[in-house]
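The following exercises ask the student to describe a structure step by step. Each task is followed by a worked solution.

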Amino acid sequence: MADVMNTNPTPTANDHPRAPTPKIDENRPVRSADEMARSASKVVATALDFYYGDKQALFDISLNVPEHCVTAFIGPSGCGKSTLLRCINRMNDMIEGTRLEGEVLLDGRSIHGPKVDVVELRKRVGMVFQKSNPFPKSIFENVVYGPRVAGERNKARLYEIAERCLEYAALWGEVKDRLNDSALALSGGQQQRLCIARALATDPQVLLMDEPASALDPASTARIEDLIDELKDRYTIVIVTHNMQQAARVSDQTAFFYQGRLVEVGATKELFTNPTEKQTEEYITGRFG
Amino acid sequence: MPSNTDNSDSTRHYRRRRLVSSLFAGSCGLMTVLCVVVLGGLLVSIVAKGWSGLSWTLLTNLTSRFPEKAGIKHALFGSVWIAGLTALFSVPLGVGAAVYLEEYTGASRLRRVIQLNIANLAGVPSIVYGILGLGLFVRALQMGATILAASLTMTLVVLPIVILASQEALRSVPGSIRQASHALGATRWQTIWRQVLPASAPGIMTGVILAVSRALGEAAPLVAIGAAASMSWAPMSPTEQASGLPLLIYHWAAEPKEEFKDLAASGILVLLGTLLLLNAGAVFVRYRYGKRIKW
């Protein structure tokens, strides 16, 4: 072990062990800043503060998520990117002692008002979690869970939803002959695509993804990323990622967070090639985080 | 890395540690052997005494003054009634309380107080519940010493067990399942009914079966509420006189005639057999339905 270490020269500032600035893949269907400016604002956060008990996790966040675009939240651990993501479908409600100030708008309407039905909100804002969490049921029952709890009983319609959503999630071909098998028998990558299919089955407009590929191997990650490219024509996607290469590959807009504050947000291409803030530059070149 | 200079010292130290280690393992093993020997001896003596008395007439006859004609039918019926009704009463109450505590109350002080009390109630001697049952069900609610009163009293005895086992089972369902369900637009009720309860059902059922075993084996509450050891008929409804196997065994064992003591041993074997069957059922349920669910 020690011998291997010794053959490496001491790292210097010029020879940093972290990866270089992420490359933008020109072959991907990236939206330009102009296109994004023309898109409607799907989700808007204004002056958002968020607290876990006494601890403030988000400070004065104002952010615009354009429709049919992929917005990536990047930043070091504990920077608040997941917290902000969970504000959008109010999953933080499930944690005791949390408090939110400011406003989150979906299609121009507040999602925190007293009249807002959180169940309805979560149908419109689907979520995919970091660790795939299929229910211990069949593949079919996993996909149709959302429609089922919403009251859909028609077997034919449920089947049609399952087929369409599994198709969207690029999983149909692999599972169409074993829809009644346990979802837990699928591989990790398949389980995560199943969770995406399940989220799509409630027919959401926004899809939140909390590090959806962090527990997956490179091949499965690539599949999920291709899937995101395809899904953004139909859905507005917000993805939290630790992986800057991934943010650069899949997103149209990137927001960089640090210590609960939004440091910089802009078109991904701009942000990665020409960041305006020094902190952003230091983070994306791997000098910290 | 061990050096070669202080060889003798470290070796001696190592030997001593190893000796202590094996001494500890040895004494733990001895304790186990002692327990098994005592239990095994007890079982062997009961089988020796009671085996010859096991017969169809034992199960189908009622009590009698004549040991050769005496049977346990009424007590067996009473026990089955009581165990069944206790399960019927304690499952909705216990599971409901557990769901409320685990899924609806946060980390409040009230919950801590309730939790502490339930844990303490699980340790209250069953005779105390028996006296409560006598005062409340038999006298105040005027049920008399019926199977219904006995079942309600047994429900009090086993309720803490059912609640604690159900809470444990509910807690073993990962939070990610609840989150996934909520994120798909399910209400709290739908999440509990469609995800949390099915996933925790094996654990809950195991707890229930163990609780029923306890209800089947308890004699003290039956004594306290005034259940009968001897009856001239086998009870066919919950409003009839309560009886139970443990009570009959207790009664027979106190008889001066040696033949009745042997009958008590036979009764114990029937009771043990029933308990063993129930416990095997618990293990089976756990195995059969538990293995499908791996997180």
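**Exercise 1.** Determine how many helices and strands chain B has, and state how spread out the chain is.

*Solution.* This is a predicted model. Step 1: chain B has 11 helices and zero strands. Step 2: read from the N terminus, its elements accordingly run α-α-α-α-α-α-α-α-α-α-α. Step 3: for 295 residues the globule rule gives 19 Å, whereas the radius of gyration of chain B is 25 Å, so chain B is more spread out than a compact globule. Step 4: along the principal axes, the C-alpha atoms of chain B fill a box of roughly 85 × 60 × 35 Å. Step 5: of the 295 residues in chain B, 38% are buried. Step 6: among contacts in chain B with a separation of 6 or more, 75% are between residues 24 or more positions apart.

**Exercise 2.** Describe chain A by the steps used for chain B.

*Solution.* Step 1: the secondary structure of chain A consists of 13 helices and 10 strands. Step 2: a compact globule of 289 residues would have a radius of gyration near 19 Å, and the 20 Å of chain A agrees with this. Step 3: the C-alpha atoms of chain A fill a box of roughly 65 × 50 × 40 Å along the principal axes. Step 4: 45% of the 289 residues of chain A count as buried. Step 5: of the contacts in chain A between residues at least 6 apart in sequence, 70% join residues at least 24 apart.

**Exercise 3.** Characterise the crossing of helix 3 and helix 8 of chain B.

*Solution.* Step 1: helix 3 spans residues 73-104 of chain B and helix 8 spans residues 188-217 of chain B; their axes come within 9 Å and cross at roughly 140°. Step 2: an angle over 145 degrees would count as roughly antiparallel, and 65 to 115 as roughly perpendicular; helix 3 of chain B and helix 8 of chain B are therefore oblique to each other. Step 3: the crossing of helix 3 of chain B with helix 8 of chain B is right-handed. Step 4: helix 3 of chain B contributes residues including B:Ile82, B:Val91 and B:Glu103, and helix 8 of chain B contributes residues including B:Ile192, B:Val208 and B:Leu216. Step 5: by class, the residues of this contact are 14 nonpolar, three polar and one charged.

**Exercise 4.** Which residues of helix 7 of chain B are buried, and what covers them?

*Solution.* Step 1: in helix 7 (residues 175-183) of chain B, the buried residues are B:Arg178, B:Ala180, B:Ser181, B:His182 and B:Ala183. Step 2: their cover includes helix 8 of chain B, together with helix 4 and strand 6 (125-128) of chain A. Step 3: after helix 7 of chain B comes B:Gly185, with a positive phi near 85°.

**Exercise 5.** Describe the contact between the two chains.

*Solution.* Step 1: chain A gives 21 residues to the contact and chain B gives 19 residues. Step 2: on the side of chain A that touches chain B, helix 4 (118-124) and helix 6 (145-149) of chain A are the elements that give two or more residues. Step 3: that side of chain A has 11 nonpolar, five polar and five charged residues.

**Exercise 6.** Is B:Gly123 buried or exposed?

*Solution.* Step 1: B:Gly123 lies in the loop between helix 4 (109-121) and helix 5 (126-140) of chain B. Step 2: a residue with 12 or fewer other C-beta atoms within 10 Å counts as exposed; B:Gly123 has 7 and is therefore exposed.

Terms used: Residues numbered from 1 in each chain as written. Chains lettered and ligands numbered in written order. Predicted model: local features only at pLDDT ≥ 70, side-chain atom pairs only at ≥ 80, totals over all residues. Axes fitted to C-alpha atoms, helices over the stretch in contact; angles between N-to-C directions. Helix = DSSP H or I, 4+ residues; strand = E, 2+ residues; numbered from the N terminus. Parallel < 35°, antiparallel > 145°, perpendicular 65-115°, else oblique. Left-handed = near helix turned anticlockwise from the far one by under 90°. Contact = placed C-beta atoms within 7 Å. Nonpolar A, V, L, I, M, F, W, Y, C, P; charged D, E, K, R; others polar. Rg over C-alpha atoms; globule rule 2.2 N^0.38 Å. Buried ≥ 20, exposed ≤ 12 C-beta atoms within 10 Å, placed from the backbone.
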